[in-house]
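Good morning, colleagues. Please look at the sequence and the structure on the screen, and I shall then take you through them.

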Amino acid sequence: MSPPPVRATDLDRRMIGLALAILEDAFARTCGGPVKGTAGLRLALAFLWSRSKECSRVPFDNFWLGVTRGGDQLTARYLERIYRAVGSRRKGDFR
């Protein structure tokens with residue numbers, strides 16, 4: 001017996017959750033200084049922007065710049081804006 005099909009909305013929520021986890025990990029690693037801009041981080045940001053309810057890439061681009069330069073409270077605000085843009089809510093600062 002095959003498993004029941006996964007609805008696109010369920011899959012989207014899972015993928016959004018995974019992409020947000022990648023962003024949280026990158027932000028947490030800024031405690032040690034700038035984070036290397038990996039393909040995985042770029043993909044997570046691009047995917048989240050594709051699912052975003054806003055047209056502006058500003059929080060996504062500025063989050064990238066923030067983590068690759070060492071992160072700060074402004075970077076945390078951009079991360080919160082990304083959460084809101086994809087219809088989610090950040091639970092707290094995980095650093």
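Among contacts in the protein chain between residues at least 6 apart in sequence, what percentage join residues at least 24 apart? The figure is 60%, where contact means heavy atoms within 4.5 Å.

A word on the source: this is a predicted model, in which local features need pLDDT of at least 70 and side-chain atom pairs count only at pLDDT 80 or more, while totals for chains, interfaces and linings use all residues. Residues are numbered from 1 along each chain as its sequence is written, and side-chain values use heavy atoms, with hydrogens and water left out.

The protein chain has 4 helices and 0 strands; helices are DSSP runs of H or I with at least four residues, strands are E runs of at least two, and both are numbered from the N terminus. Of the 95 residues, 33% are buried, that is, under 20% relative accessible area with a 1.4 Å probe, counting protein chains only; exposed is over 50%, and partly exposed lies in between.

Let us turn to a pair of helices. The axes of α3 (residues 58-69) and α4 (residues 73-85) come within 9 Å and cross at roughly 145°; axes are lines fitted to C-alpha atoms over the stretch in contact, with angles from 0 to 180 degrees between N-to-C directions. Residues making this contact include Phe-60 and Phe-63 of α3 and Tyr-78 and Leu-79 of α4.

Finally, Leu-11 lies in helix α1 (residues 8-28). Leu-11 counts as partly exposed because its relative accessibility is 43%.
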